[in-house]
Amino acid sequence: MAAENARVAEEGATAVRVAFLGTLTFGDVSPMDPGRIRGSLEGAYTAMMRANHSHDFGDPSPQIQLVLANMGARQEHWETVVDDLVAMSAEPVPLVAVVGMGVSVESTRSAAERLAENQIPMVSSAVTADGLDHFEIPGLLRAAPSNSEYVRALRDYLDELEETPRATLVYDTTEPDLFVSTLRDAYRARLGQYVTGQAQEFSGTTVGDDSRSGLFNTVTLNVCAAGTDTVLFAGRTPDLNAFLDSLTARACADTPMRVLFVVTGLSALADEELMATLEESRITLVYASGIDPRWANGASDVDVPPGYAAFRAAFAEEVTDDPSALDNGYALVNHDAFAVAASAVRTTNAMELDGPPLSTDVFDQLMLLNSAHEIPAGAGMLSYGPERGGEAVGRYVPVVELPIDQDQPQERPYVIGR
């Protein structure tokens, strides 16, 4: 990344900057971890190299530098960092967009609102909470699906089951957590017809905390007593892991159980112990995911994102050809976020500006990224328009069952807007 930034500076071509805004330091309690952040940066770097050295996302001019903006281990420094980014928008090599912003919490909303006030466009990577989009915060687009779109994919999955599921909603009451609250509401709005058991509340962790021992003992007993075979889980990943652990010792062990959740990627694949436990305990973890690693295996009659092969090839060339590096989904979604930002930058070439575009110029292009200006991203042909706000129309949202028992991806996954 540093070498590419230096090359752009040394060659003296017209250039602009895009900032990756996120959590780049880690304490005992952080909303992100080093593996996800590494994947995020690797994905953004891959997209930068494609943008600067090919026509994949438009004419490779102006050249783009990628700068890193660290909000701190718990995003506590967001105000100072955002003020710095606003100042950079007026520099000779102007900051024209922000990508990243991977956590659905209040500090992310506050940062986005401040950037919007200064007409700096944003493309969030793993922010999925409903409401964190262009409708409520002008200039904020998504690369990942919203919680509502994830749940629409789960609705398709449940609709296709041979037997009607008997579901219970299990949700965290900790406030405020935008991810949890909007996921709970999406379940209720779109999967309510499948809910037969009484909703179960728990007081979960804050972002990054460890879950408390024994938190779900009573919840699990109630789930079994309700005759449930499906759980709609709305909580953070540490709480999901604790809930799955509780289910392994459930009173209704003879009843196979499926647990529905939404994720950016499939980090759980690397946990061999968890995969074995799920199989032994007759639990199926059903993820509406931002990626399906089996897309690389897709047969000719299987519907996969048209740009995934090109993304994977570029990632192998620029970073690594180890396919497991893509499993957690953060490389793909941050690649796509940068690709959207780069595409918006390059559409300003038609404006015949005297110098490099400014953030305000790029801001005005966001709702024109459709039709002839769709983005060939890794997760789909993405487009944006005023009728869908910041939602990435054309984005694939696969549903993956863990443990995985077949090598082919979902034959016809949900696609936003299709």
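Residues are numbered from 1 along each chain as its sequence is written, and side-chain values use heavy atoms, with hydrogens and water left out. Because the model is predicted, local features need pLDDT of at least 70 and side-chain atom pairs count only at pLDDT 80 or more, while totals for chains, interfaces and linings use all residues.

Let's start with the helices. Two packed helices are described by the angle between their axes and the distance between the axes. Here, helix α2 (residues 34-53) packs with helix α11 (residues 330-347) at an angle of about 35 degrees, and their axes are 7 Å apart. The axes are lines fitted to C-alpha atoms, for helices over the stretch in contact, with angles running from 0 to 180 degrees between N-to-C directions. Helices (H or I, at least four residues) and strands (E, at least two) are DSSP runs, numbered from the N terminus. The crossing of α2 and α11 is right-handed, a word used when the near helix is turned clockwise from the far one by less than a right angle. On the α2 side, the contact (heavy atoms within 4.5 Å) includes Gly39, Gly43, Ala47 and Ala51; on the α11 side, Tyr330, His335, Phe338 and Ala342 are among the residues involved. By class, this contact has nine nonpolar, seven polar and three charged residues. In that scheme Ala, Val, Leu, Ile, Met, Phe, Trp, Tyr, Cys and Pro are nonpolar, Asp, Glu, Lys and Arg are charged, and the others, Gly among them, are polar.

Stay with α11 for a moment. How far apart are its end C-alpha atoms? They are 26 Å apart, which agrees with the 26 Å that its 18 residues should span at 1.5 Å a residue; the expected span is 1.5 Å times one less than the number of residues. This helix is also mostly covered, with 18 of its 18 residues buried. Buried means under 20% relative accessible area, exposed over 50%, and partly exposed in between (1.4 Å probe, protein chains only).

Now for the strands. Strands of a sheet pair through backbone hydrogen bonds, either parallel or antiparallel, and two strands count as paired if DSSP finds at least two bridges between them. Two bridges link β15 to strand β13 (residues 393-397) in the antiparallel sense, and Tyr396 stands opposite Val415 in β15.

Elsewhere, strand β8 (residues 230-234) pairs with β9 in the parallel sense over three bridges, with Leu232 opposite Leu260 in β9. Seven of the seven residues of β9 (residues 257-263) are buried. Both of its faces are covered, with Met257, Val259, Phe261 and Val263 on one side and Arg258, Leu260 and Val262 on the other.

Glu149 lies in helix α5 (residues 147-159) and counts as buried at 3% relative accessibility. Beyond its neighbours within four places in sequence, Glu149 contacts Arg388, Glu391, Val397, Tyr414 and Ile416. Val16, in strand β1 (residues 15-22), is buried with a relative accessible area of 0%. Val16 and Gln63 are 47 residues apart in sequence, yet their C-alpha atoms are 6.4 Å apart in space. Leu141, in strand β5 (residues 140-142), is likewise buried at 0%; not counting residues up to four places away in sequence, Leu141 touches Met122, Val340 and Tyr384, among others.

Finally, some backbone details. A cis peptide bond, with omega about 0 degrees, joins Ser61 and Pro62, and Pro62 is in the loop between α2 and β2 (63-70). The peptide bond from Leu402 to Pro403 is cis too, with omega near 0 degrees; Pro403 lies in the loop between β14 (399-402) and β15. Gln119, although not a glycine, has a positive phi of about 55 degrees. Gln119 sits in the loop between α4 (106-117) and β4 (122-124) and is partly exposed at 33% relative accessibility. Ser371 has a positive phi near 55 degrees, and at 59% relative accessibility Ser371 counts as exposed.
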